[in-house]
Amino acid sequence: MFDGNWRTAVNRGLDPIGAVLCRLGVSADGVTFFGIAMAAAAAVVIGRGQLILGLVFLILAGLSDALDGPIAKASGTSSVRGAFFDSVSDRVCDALLFGGLTWHLGSTEPGHIFMLPVALMGVSLLVSYQRAKAESLGLDAKGGLMERAERFVVLGAGLAFSFVLIPVLWAMLGLTAATAVHRFVKVWRQADSLHSV
């Protein structure tokens with residue numbers, strides 16, 4: 001949903017910030033590495049139950065993810081290698097964050113609810129894979145109610161208000177699963193139309 005409605009406007013707003021950071025000598029790869037470090041820090045503090053501090057690190061990880069592209073654009077270093085690194089780092093950050101949530105729920109909640117973030121990670125990876133595979137085939141798999149940007153925002157709300165964290169994770173799981181189904185149907189129809197031509 002973010003990609004379809006807000007990505008262009010947000011990038012336009014971040015481009016001047018990227019240009020300033022570029023002039024200060026900040027590299028896109030450095031920002032990407034910083035984002036991974038912030039996600040790792042978020043995972044540790046969330047796992048230890050410090051959810052508000054985890055929210056702070058989550059915001060820093062999200063800002064890093066948003067700024068590495070504008071910095072690369074400003075410095076003229078945008079490349080296939082950079083895009084690959086950015087995509088891989090996104091998956092690493094997601095795994096770290098869901099791992100931290102699993103650790104936290106396993107330490108604080110009874111039963112098997114700690115598997116909820118594991119299920120969410122699996123469906124999130126499926127959503128990302130669908131887009132990557134579709135684009136490698138020349139098809140479009142963007143869109144859906146719960147893409148990565150939305151997951152960051154909704155997870156942030158769950159960390160800020162811990163009493164709704166588990167309901168928030170359930171909602172994220174349902175909406176992410178719906179996004180996976182939406183993308184599958186979208187790509188299936190495109191592929192079917194190409195096959196029938």
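## Cavities

On a 1 Å grid over the protein atoms alone, a cavity is a set of points where a 1.4 Å probe fits but cannot get out, and lining residues have an atom within 4 Å of a point. Grid points are joined across faces, edges and corners, and a volume is the space filled by probe spheres set on the points. The model examined here is predicted: local features need pLDDT of at least 70 and side-chain atom pairs count only at pLDDT 80 or more, while totals for chains, interfaces and linings use all residues. Residues are numbered from 1 along each chain as its sequence is written, and side-chain values use heavy atoms, with hydrogens and water left out.

Two cavities of 30 Å³ or more are found. The largest cavity holds about 60 Å³. Its lining has 13 residues, and those closest to its centre are Gly-35, Asp-65, Ser-89, Asp-90 and Cys-93. Helices H3, H4 (51–75) and H5 each give two or more residues to this lining; helices are DSSP runs (H or I, at least four residues) numbered from the N terminus. By class, the lining comprises four nonpolar, four polar and five charged residues, where Ala, Val, Leu, Ile, Met, Phe, Trp, Tyr, Cys and Pro count as nonpolar, Asp, Glu, Lys and Arg as charged, and the others, Gly among them, as polar.

The second largest cavity has a volume of about 50 Å³. Asp-94, Leu-97, Phe-98, Arg-151, Phe-152 and Leu-155 form its lining, with H5 and H7 as the elements that give two or more residues. Four of these residues are nonpolar, none is polar and two are charged.

## Salt bridges

The whole structure contains ten salt bridges, each a side-chain nitrogen of Lys or Arg within 4 Å of a carboxyl oxygen of Asp or Glu. Asp-94, from the lining of the second largest cavity, pairs with Arg-151 at 3.6 Å between the closest N and O atoms. This pair links helix H5 to helix H7 (residues 148–160) across 57 residues. Asp-94 is buried at 4% relative accessible area, and Arg-151 is also buried at 4%; buried means under 20%, exposed over 50% and partly exposed in between (1.4 Å probe, protein chains only).

Asp-94 also forms a salt bridge with Arg-91, at 3.8 Å. Both residues lie in helix H5, three residues apart, about one turn of the helix. Arg-91 is partly exposed at 23%. Shared partners join Asp-65, Asp-90, Arg-91, Asp-94, Arg-148 and Arg-151 into one network of salt bridges.

Asp-29 and Arg-81 meet in another salt bridge, at 3.1 Å from N to O. Asp-29 lies in helix H3 (residues 28–47) and Arg-81 in helix H5 (residues 80–108), so the pair ties together parts that are 52 residues apart in sequence. Asp-29 is partly exposed at 26%.

## Second largest pocket

A pocket is an open set of grid points with protein on both sides within 12 Å along at least five of seven lines. Helices H6 (115–136) and H8 (165–196) each supply at least two of the lining residues. Six are nonpolar, one is polar and two are charged.

## Thr-179

Thr-179 belongs to helix H8 and is buried, with a relative accessible area of 0%. A polar atom of the Thr-179 side chain lies 3.2 Å from the backbone nitrogen of Leu-145, and the side chain of Thr-179 reaches the backbone oxygen of Leu-175 at 2.9 Å. Leaving aside residues up to four places away in sequence, Thr-179 touches (heavy atoms within 4.5 Å) Val-127, Gly-143, Gly-144, Leu-145 and Met-146.

Technical notes: Polar contact = N/O pair within 3.5 Å; in protein donor to acceptor, adjacent residues only side chain to side chain.
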